[in-house]
Amino acid sequence: MKTIIKLALLFIVALPPLSQASERKAVLVTGASTGIGRVTTEVLAENGFHVYAGARKKKDLEALNALDHVTAVRLDVTIQEEIDAAVEQIRSEGRGLHGLVNNAGVFIGGPVTEVPVDEFQWLMDVNLFGVYRVTQAFAPLIMESGGHITTISSISGVASGPFFSHYSASKHAVEALTDSLAFELEPLGVTVSVIEPGNYDSAIGQTAFKRMQERNYLIEDSPYTERMRGLIARMQAPRDQYTKPVPVAEAALHALSSERPLRRYMVVPAEREARWAIGKGIEEVAEYNEWQAFQYTRDELVAMLDDALSRRTNESAKLKAQVENFLANAGDEATHAAFWSPDLVYTSSSGTRFGKAEIMQGFEEPSDEDAAAATYSGEDIDVRIHGDTAIVTFTLIGTPAAGSDDPVMRYYNTGTFLKRGGNWQAVAWQATKIPPAN
């Protein structure tokens, strides 16, 4: 058993770039006719994906169909029948669906005390319920592929200002939906993220101005009239002075391609926008702390921030480096002693359960069996940090020794790590043999 245990631990990262894949993974982008949606469609298609591009108008569908590796899909996110038809279209074409980019969105601006309720309902129907409808409808396909869902929010979803209440409310709701959805889908193998763009070149403002003008948002005897004129003037201004939203599309590409996508991608063209959004978050922390019964001191708040930064920026890299070091020194007894927790529970693919003592026993007597044994490598390694707990998953590939007639063996492996005394140790390990393909 000692030889088998040693070999079962020899796995390496071997994930080829997406562009080298034999088949393109399919993704759906809603609201793909202009702006962020159009640029995201182009960037994903240029980087190895087949994109189903959702749009409403015939001329936009024709323009999208003219792009390489793009299939236009008639899709109004407020019409359930069109969403259902899009699901059937994509399922029938047989590519599956690796990713969903919820991009379709609209904007209106105005005072809370004056904008009609039905206008607010219209905006929420697109920006929030549209995301909800599309996510529900396509979730089965995404779960089948173990894929990713990302939604285009806004820095206005984490901070707001005058006359932005309706838009900000819809995006703030998207932020909450993202967090809950991520926790719900993670055990099912689906990752979820949200992208928060700043002020990029987009037609959303001019489209909003047209609607606001048609519905007479500017009330002459309103106490907000002069300030509203300023907002409308900004919305009418040419947008070509602003940066093209390529960085937003690149964030979507990372979310859909990475083994470890981020939960949040804030993408802004100017430092002042980043300072505004992050500063608003810090201001709210101070407000939370001011009235509650268990107030924290400044030093305690700073310690919380330091801990959060450490966990976000260092822990995944630290654990990955630890695993890589283990792989490079898998024949070393001291490396195993540090890697496995004393209370380890290891469940093999054959149903045998043992602990650290049995693994370490394999080093007590030398063996010559390894030279003629299978070799092992790993694919799709993934590290996910949850506070002081981490989950590592990968696929173990067992290649028979030269001259052997045995088939290649594949195993799903999952390891659970706990952080103790600042160090990660594996406390549980599960190996499951994958049946050979027929």
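Visitor: What percentage of the 438 residues in the protein do buried residues make up?

Guide: Buried residues account for 42% of the 438 residues. A residue is called buried under 20% relative accessible area, exposed over 50%, and partly exposed in between, with a 1.4 Å probe and protein chains only. The model is a predicted one: local features need pLDDT of at least 70 and side-chain atom pairs pLDDT 80 or more, while totals for chains, interfaces and linings use all residues. Residues are numbered from 1 along each chain as its sequence is written, and side-chain values use heavy atoms, leaving out hydrogens and water.

Visitor: How many helices and strands does the protein have, and what makes a segment count as one or the other?

Guide: There are 15 helices and 13 strands. Both are DSSP runs numbered from the N terminus: a helix is H or I over at least four residues, and a strand is E over at least two.

Visitor: How do you know that the span of helix H2 agrees with its number of residues?

Guide: The expected span of a helix is 1.5 Å times one less than its number of residues. Helix H2 covers residues 35-46, that is 12 residues, and should therefore span 16 Å; its end C-alpha atoms are 17 Å apart, which agrees. Among the buried residues of H2 are Ile36, Val39, Val43 and Leu44. After H2 comes Gly48, whose phi is positive, near 95°.

Visitor: Why is Phe326 called buried, and where does Phe326 lie?

Guide: The relative accessible area of Phe326 is 1%, so Phe326 is buried. Phe326 belongs to helix H13, residues 315-328. Its C-alpha atom is separated by 7.4 Å from that of His336, 10 residues apart along the chain.

Visitor: What makes a set of residues a nonpolar core, and which residues have the most contacts inside the largest one?

Guide: Such a core is a set of buried Ala, Val, Leu, Ile, Met, Phe, Trp, Tyr and Cys residues joined through side-chain atoms within 4.5 Å. The largest has 43 residues, and Leu28, Leu97 and Phe138 have the most contacts inside it. Elements giving two or more residues to this core include strand E1 (25-29), helix H4 (80-92), helix H6 (129-145) and helix H7 (165-185). H7 gives the most, with five residues. Another core, of 29 residues, lies apart from this one and includes Val101, Ile152, Val248 and Ala249.

Visitor: Which residues does Leu97 touch, not counting residues up to four places away in sequence?

Guide: A contact means heavy atoms within 4.5 Å. With that sequence exclusion, Leu97 touches Ala26, Val27, Leu28, Tyr52, Ile90, Phe138, Leu141, Ile142 and Ser145. Across the protein, 64% of the contacts with a separation of 6 or more are between residues 24 or more positions apart.

Visitor: Why is Arg95 called partly exposed, and which residues does Arg95 contact?

Guide: Arg95 has a relative accessible area of 38%, so Arg95 is partly exposed. Arg95 is placed in the loop between H4 and strand E4 (99-102). Aside from neighbours within four places in sequence, the contacts of Arg95 are Ala26, His50, Tyr52 and Thr71. A polar contact is a pair of N or O atoms within 3.5 Å; within protein, one must be able to donate a hydrogen and the other to accept it, and residues adjacent in sequence count only if both atoms are side-chain atoms. The side chain of Arg95 makes one of 2.8 Å with the side chain of Tyr52, and one of 3.0 Å with that of Glu93.

Visitor: What makes two strands a pair, and in which sense do E8 and E13 pair?

Guide: Two strands pair if DSSP finds at least two bridges between them. Strand E8 (residues 340-347) and strand E13 (residues 423-433) have four bridges and pair in the parallel sense. Strand E9 (residues 353-354) pairs with E8 over two bridges in the antiparallel sense. Tyr346 stands opposite Trp429 in E13, and the bridge partner of Tyr346 in E9 is Phe354.
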